[in-house]
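Good morning, and thank you for coming. Please look at the sequence and the model on the screen while I speak.

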Amino acid sequence: MLNLIHLADDSGRSVSVRILGRAQPGILTGHDFLDAEIVVTAGENLGATFPVTLLPEDLEDWEETLARLEAGEPTRWLDSGRTPSVEFDSPTTGALLVSVRDEPATGAAVTVPLTPLPPTWTADQRRRLAGVREAYPQEVVAASLGAYEWRHGHPTAEREATGRSGLS
């Protein structure tokens with residue numbers, strides 16, 4: 001299991017996005033979707049998990065979100081309305097406020113202040129993104145509007161079964 005996002009502080013609070021595997025391995029129209037879960041830990045006995053399916057464009061959006069975070073801008077990721085969203089804000093206190101809002105399903109919202117994060121935290125998130133892309137490469141292309149095909153032939157049965165690219 002890979003973490004696309006893992007933000008944690010010394011007090012035990014954390015927000016992670018765990019990649020569970022391909023949503024529909026071997027099925028052309030859903031092969032590149034990733035089953036994931038947003039996991040929030042706000043204290044020793046307080047936490048929440050939100051299931052989410054990530055599309056390839058969600059990974060691109062995460063990369064853009066990281067650029068805004070590096071610039072010190074408040075930002076929101078997964079804001080399409082189909083999944084829980086994640087908001088990031090850095091108030092003058094030095095904490096990173098991370099809010100997960102599950103407006104489409106439960107209406108629940110959880111905000112976790114994370115402090116202090118190391119100065120290299122965005123670089124760590126970029127390494128995690130690269131690891132997810134390596135483990136789950138995009139293997140389907142849109143040949144034309146509504147028509148899809150395998151990028152390099154049909155994936156092997158082993159890769160379909162494991163949801164992995166064959167890399168350890």
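I shall describe the sheets and helices, then some individual residues, and then a pocket.

This is a predicted model, in which local features need pLDDT of at least 70 and side-chain atom pairs count only at pLDDT 80 or more, whereas totals for chains, interfaces and linings use all residues. Residues are numbered from 1 along each chain as its sequence is written, and side-chain values use heavy atoms, with hydrogens and water left out.

Some terms come before the sheets. Helices (H or I, at least four residues) and strands (E, at least two) are DSSP runs, numbered from the N terminus. Two strands pair if DSSP finds at least two bridges between them.

Strand 3 (residues 34-43) and strand 4 run antiparallel and are joined by nine bridges. In strand 4, Phe50 stands opposite Ile38.

Strand 7 (residues 96-101) pairs with strand 8 in the antiparallel sense over six bridges. Leu97 has Pro113 in strand 8 as its bridge partner.

Next, let us look at individual residues. Is Thr75 buried or exposed? Thr75, which is found in strand 5, has a relative accessible area of 9% and is therefore buried; buried means under 20% relative accessible area, exposed over 50%, and partly exposed in between, with a 1.4 Å probe and protein chains only. Not counting residues up to four places away in sequence, Thr75 touches Thr65, Arg68, Leu69, Val86, Glu87 and Phe88. The side chains of Thr75 and Arg68 are joined by a polar contact of 2.8 Å. A polar contact is a pair of N or O atoms within 3.5 Å; within protein, one must be able to donate a hydrogen and the other to accept it, and residues adjacent in sequence count only if both atoms are side-chain atoms.

Thr65 lies in helix 1 and counts as buried, at 1% relative accessibility. Besides Thr75, Thr65 is in contact with Arg76, Trp77 and Phe88, leaving aside its neighbours within four places in sequence.

Ser99 is found in strand 7 and counts as buried at 8% relative accessibility. Its side chain makes a polar contact of 2.7 Å with the side chain of Thr111.

Two loops also deserve a remark. Leu78 lies in the loop between strand 5 and strand 6; its phi is near 60°, a positive value in a residue other than glycine. Pro116 lies in the loop between strand 8 and helix 2, and a cis peptide bond joins Thr115 to Pro116, with omega about -20°.

Finally, I come to the pocket. On a 1 Å grid over the protein atoms alone, a pocket is an open set of points where a 1.4 Å probe fits, with protein on both sides within 12 Å along at least five of seven lines; lining residues have an atom within 4 Å of a point. Which element gives the largest share of the lining of the largest pocket? Strand 9 (140-144) gives that share, with three residues. Among the lining residues are Pro56, Glu57 and Tyr148.

Strand 9 and strand 10 form a hairpin with two residues between them, and Gly146 in the turn has a positive phi of about 80°. Thank you for your attention.

Definitions and conventions. Contact = heavy atoms within 4.5 Å.
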